[in-house]
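Work through the exercises below with the structure in view. Each task is followed by its solution.

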Amino acid sequence: MSLAVINVAYLVAALLFIWGLKELAHPRTARRGNWIAALGMLIAIVFTLLDQQVLSYSAIFVALVIGSAIGAVLAMRIRMTAMPQMVALLNGFGGGASVLVAGAALIEAVGIAERPVTLQLTIATAASGLIGAVTFWGSLVAFAKLQEIISGQPILLPARHAINAVLAVVTLALSVGVVAQPENMWLYWLVVAVASVLGVLTVIPIGGADMPVVISLLNSYSGLAGCATGFVLNNNMLIIAGSLVGASGIILTQIMCKAMNRSLPNVLFGGVGVVAAGSATDEIYAGRIKAATAEEIAMLLESARRVLIVPGYGMAVSQAQHAVRDLVRLLESRGTEVAFAIHPVAGRMPGHMNVLLAEADIPYEKMLTMEEANPLFEQTDVAIVIGANDVVNPLARDQASGPIAGMPILDVDKARTVVVVKRSLSPGFAGIPNPLFAADNTLMYFADGKKAILDLINALKDL
Amino acid sequence: MGDFVDILTIFVLAILVGFEVISKVPPTLHTPLMSGSNAISGITIVGAILSLGMQHTTLTAVLGFVAVVFAMINVVGGFLVTDRMLGMFKRKE
């Protein structure tokens, strides 16, 4: 098939990606948007197979089948609570593919006489190797942390800033080497090797609640790596598709950083989460904590007209979303108005809580954003916090300094009564005590999230 | 150099289109947007197929083979898991 026809097909694919993403950004059309983008991908793949440079099909067919099978099994089997790991893993594969494609393209360009080794090709190859390797290994570390193969806490190496700075300089120097001497293939693999170490070391110190930022950023990198590969192959469609993903990842990263009132460098290099609590905790909590039983809380809920539920990572950990759904239905059958207030960084990736609640059949109109929910707390009878901590800590609003100062929070403390479902008084990711737990209108309900909600349902039914 | 400027133009415009199209995504869709856009970044599969199909050297074929597998996991896994998630998002009856 002629190159012109293939290029027209690529243009159609690129348009379908843009159209698909546009639809993906609206709740009503999102599902269709996903399939429009998938159709674009199918067209791109089919017309690439028709390219006359392709001499042998058997190996391609085998590779396509293996990749599809692994992808399909992963997608169908993964539990919704494990979605952050899944997204991290998929980001990684995208980055890995870019490294390999750019490497192969460099070998071909140097070896095939009629292909010019341009400056664009060599620079883009080095960039693909660098960004792709950082994405691949960074994503694998994020996956390992989320899957709890390694500790989810920040792992802080001594002199890590110095080590990373040296590695970054070395990678850049090697990249210059690739551009200067593209025929020395080992230089490219050295770039990939050093960038791999850099990828591991930049994600290892980042833990827990900062994961939404890291995952969004890696999402953006996987797009930029694809974009760089587009410059290597001189392929417009790759550049367009990669740019779209890069832009989407950057937007999400910005939203996440803003929701924590932290800059991106602060998240990447700040090492939050290692602050020891110490004696301040005792002063804040001493004698002020009121623990309540399921029966007491059930009585409160019985007379409540409006209830707002604030989910956090703890809900995901204890798999409480289905029990929470049952509680919502029970309360609604008694005429109580119930909705969810969701902080942008609740959980371990952007939108984590929404996915879990959707899995439990909660309609998305009930999932309020922070901006929608905050004015409602003053007219809320009971706010139930399940497994959230830092995102409801009034210190963020009231204190001028500290690890979470200035972070926008859900104003649950303004509700008439606050019920906090939590296993203990242990601090959240920021490592600081939460005065909300000691507030006059707060009742602590010490239990595992799922068990707590199930007991609460039974207590309500017994009233 | 003309080629490079052309391709750079496309890059800059595509980034702008990306920002414009995605800027106001409701938080409910943040995760599906990530997994769906991630599937699109598997577009490197085009380059992988060409390297594997050209069979320039054994090494490029092997690199191409692994790259096709990686990219295809990304593409199929990404689109399917996004569809599975979006299938769960329901409106009030």
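**Exercise 1. A strand pair in chain A**

Find the residue of β6(A) that stands opposite A:V418, then describe the strands concerned.

Solution. This is a predicted model. Step 2: β6(A) pairs with strand β5 of chain A, residues 417–422, in the parallel sense, and five bridges join the two. Step 3: β6 of chain A spans residues 442–446, and four of its five residues are buried, so the strand counts as mostly covered, where buried means 20 or more other C-beta atoms within 10 Å.

**Exercise 2. The contact of chains A and B**

Determine how many residues each chain gives to the contact, and which element of chain B has the largest share.

Solution. Step 1: chain A gives 97 residues and chain B gives 79 residues. Step 2: on the chain B side, α1 (2–22), α2 (30–40), α3 (45–54) and α4 (58–88) each supply at least two residues. Step 3: α4(B) has the largest share, 29 residues. Step 4: sorted by class, this side of chain B holds 48 nonpolar, 25 polar and six charged residues.

**Exercise 3. The largest nonpolar core**

Solution. Step 1: the core has 196 residues, and A:F17, A:V310, A:V385, B:I45 and B:V68 have the most contacts inside it. Step 2: α4(B) gives the most, 17 residues. Step 3: domain 1 (78–269) and domain 2 (279–462) of chain A both give residues to the core, so it lies between them. Step 4: take B:I45 as an example; among the residues it touches are A:I45, A:A97 and B:V68.

Conventions: Residues are numbered from 1 along each chain as its sequence is written. Chains are lettered from A and ligands numbered from 1 in the order in which they are written. This is a predicted model: local features need pLDDT of at least 70, side-chain atom pairs count only at pLDDT 80 or more; totals for chains, interfaces and linings use all residues. Two residues are in contact if their C-beta atoms, placed from the backbone, lie within 7 Å. Ala, Val, Leu, Ile, Met, Phe, Trp, Tyr, Cys and Pro count as nonpolar, Asp, Glu, Lys and Arg as charged, and the others, Gly among them, as polar. A nonpolar core is a set of buried Ala, Val, Leu, Ile, Met, Phe, Trp, Tyr and Cys residues joined through C-beta atoms within 7 Å. A residue is buried if 20 or more other C-beta atoms lie within 10 Å of its own, exposed if 12 or fewer, and partly exposed in between; C-beta atoms are placed from the backbone. Domain bounds come from an automatic or database domain assignment. Two strands pair if DSSP finds at least two bridges between them. Lists of a residue's contacts leave out its neighbours within four places in sequence.
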